[in-house]
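Please read them next to the structure.

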Amino acid sequence: MYYVELLLVGLIWGCTYAMMALGLTLVYGLLRILHVAQATVFTLGAYIGLLAANHTGSLAAAFVTGALAAGALGPLIYRLVYQPILDRPPFVALVASIGVLVAMEDGFRLLFGPYGLSFENNVWFTTTYSFAGMTVNLVQVWMVVAAVLLLSAFAVFATRTRAGVAWRATVSDPAMAESFGISVTGVRYVNFLIASVLAGVAGVLVGLLNNLVEPGMGGVIAYKGLAIIVLGGLGSVPGTLAASLVLGVVESYGTVFLDKLLDRDAIAFLFLIVVLMIRPHGLLGAR
Amino acid sequence: MLELRGFGCGYGLVQAVEGLDLVVRGGEITALLGPNGAGKTSTIMAIAGHVETHAGTIEFLGEDITRLAPAERTRRGIALAPEGRRIFPDLTVAENLLVGGYTHAAAEAARAEESVLTLFPRLRERLRQHAGSLSGGEQQMLAIGRALMARPKLLMVDELSLGLMPAMVDLCFKALLELKRQGIGVLLVEQNTKRALAAADRVVVLVSGRTAYAADGEQARRDPDMVESFLGLKEMT
Ligand SMILES: Nc1ncnc2c1ncn2[C@@H]1O[C@H](COP(=O)(O)OP(=O)(O)O)[C@@H](O)[C@H]1O
Ligand SMILES: [Mg+2]
C-alpha cells in the first residue's frame, strides 16, 4: 500500500509539474526561448492569490486573482524583455530571462519580506480524505482536478478553435502562417497568456500545499520544468505531459530510496542526465 | 494583372535577380523557367513579399504593391504554393485549408473549401488526416488548395511537379488548366520543360538572375530546342 501511495503522491506532483512545464514548452515551441522567468510568474500568482485569500477569506478569489496577475505578467515579460531581442541568438533571451527571475525574486523579498507568508485560513490543507489506507488533502485533489481541467481546455482550444489552429500553424511555419493573415504577434501574446495562467494557478496550488509563499519558491520548479521539457523532447506537448508525470513518480520513489544520498530536487537532474544518456531526444523522442 | 518592370531582388547585398520584365494576365499561364539557382524562387518569393525587392516595381491589378507586407498581398489576391510546399505537417488537411482561408468569413471560406475539394477530390477523402502523412502529390494538391482558399486572382506555383509521380503531375496540370479557364492568372515555375511549354501562354527563361529568353507560348513551342539550350546552361557569374 505504501508503494501505491508513493505512486499517487508522485502523480499529484506530476500534474502540477505539467501545468508549469506545458507553458515552457509552448514558449520554446514558438520562440525557441527557455523561459526561465516563468518561475516569477508562478511566484507572483502565489503571492497575489495568498493576499486575496487572506483579504477576502475565499480560496476561489485566490485562484481568480492569482491567474489574472500571472496572466498579465507573462505577456508583459514578452513585450518588455523578449520582443526587443527576438532577432538575437536564443541564449541572449535566456540570460535576460534569468535576469528577470533574479530581479523579481529580490522584488518579492523587498515587498513581502524574506521569510514568506502563510494562508490564514487554509481549509483545503486541513480538509483530508482517507481511502484504502491512504490520506490526501483537498489541495492535492485540486492539483489533479485543476491540471485535468486546464489541460483539457487547452487541448480543446488547440484543436477545436480557429485561434488554436492558427496558433499551431504559427508554431510550425511562422512566415507562411503570417502570409495567410494570421497575426503572429497576437499568437505570441496568447501563447504567453496561456502559459502564464497555468503557472499562476500552479503557484497558488503549491502555495496552499506548502502553506507557504516565499520569494524563491519558483526557482526550483522552473528549473525542474526545464528538465521536464528536455525529457519530453523540447517542443513536444505530449512528451512534456508524460515527462511531468514520470518525473513526479520518480521523485516520489527516489525520496524514499535515495534520501540518504540525494535530496528530492537533485533527483530530477540525476534523472535528466540518466535519460539523456540513454535517449538523447527525450523520453518520447525519435530513436 | 501582374507586371514586373525592371525588377531586381536579393538577400541583403546578394543580388539574385536583375532587370526582369514579366507579365501574367488573368486566364493565362506564364511559365518562369531556368536552371537551378537562376532566381526563379527568389522572384516568386519577392512577388509574395517574403524576399526583398531591390529594384523596379511590382504592379498588381494596376496598383504598386512593391512595399506591401505578405498578408496584404494575399488579401489583394496573390496566392502562393511555395517551393518545398511548406504545408503544415502536424495540422490536418482541413486545418491547413482553414489557415489558407483565414482572412475570409466562415461562409466565404466554406464556399472556397467546396471549390478546392471539387478541384482535388482526393483531398476530400483525407480531410481528417495529418498533412504530413500525405503522399508528395497530395501534399502539392494541398499546397495549391491552401493557396486557393484565399480566393486569389493570381496563383504562383513553385516547382509544381518536383518529386511527384507522373499520374499526380497530370492531375496537377489538369487543375491549373481548370483554374486558367476560371480566369485565374498562373505564374508557374517548372523543371519539366515539355509540360511547362505545352501549358504556357508566355515563357520567360532566367539564367543567373537575368532574362535569357522571353516569348509568347506559341513562339516558344515552335523552338523548344532554343528554350532547352538555355536550361542546359550552368549558373554563370
Ligand atoms: N536565403 C538566401 N540567402 C542568400 N542567397 C540566396 C538565398 N536563397 C537563394 N539565394 C541565392 O539566390 C540565387 C537564386 O536562387 P533561387 O531563387 O533559389 O533559384 P532557383 O529557384 O531558380 O533555383 C542563388 O544564387 C542562390 O544561391
Ligand atoms: Mg527554386
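1. Terms and provenance. Helices (H or I, at least four residues) and strands (E, at least two) are DSSP runs, numbered from the N terminus. This is a predicted model, in which local features need pLDDT of at least 70, side-chain atom pairs count only at pLDDT 80 or more, and totals for chains, interfaces and linings use all residues. Residues are numbered from 1 along each chain as its sequence is written, chains are lettered from A and ligands numbered from 1 in the order in which they are written, and side-chain values use heavy atoms, with hydrogens and water left out.

2. Fold of chain A. Chain A has 12 helices and 2 strands. From the N terminus the order is α-α-α-α-α-β-β-α-α-α-α-α-α-α. Its radius of gyration (over C-alpha atoms) is 19 Å, close to the 19 Å from the globule rule (2.2 Å times the number of residues to the power 0.38) for 287 residues, so chain A is as compact as a globular protein of that length. The C-alpha trace spans about 60 × 50 × 35 Å along its principal axes.

3. Packing of chain A. Take contacts (heavy atoms within 4.5 Å) with a separation of 6 or more: 75% join residues 24 or more positions apart.

4. Largest cavity. A cavity is a set of points on a 1 Å grid over the protein atoms alone where a 1.4 Å probe fits but cannot get out; lining residues have an atom within 4 Å of a point. The structure holds 2 cavities of 30 Å³ or more. The largest has a volume of about 90 Å³. Which elements each supply at least two residues of its lining? They are α8 (174-179) of chain A, with α2 (70-76) and β6 (78-81) of chain B. Among the lining residues are A:Met176, A:Phe180, B:His50 and B:Arg73.

5. Second largest cavity. Its volume is about 30 Å³. The lining includes A:Asn54, A:Leu59, A:Phe119 and A:Asn121.

6. Largest pocket. A pocket is an open set with protein on both sides within 12 Å along at least five of seven lines. The largest pocket has a volume of about 570 Å³. Of its 24 lining residues, A:Trp167, A:Arg168, A:Val171, A:Gly235 and A:Val237 are the closest to its centre. In chain A, α1 (2-31), α6 (138-160), α7 (162-172) and α11 (237-257) each supply at least two residues of this lining.

Key
Points joined across faces, edges and corners; volume = space filled by probe spheres on them.
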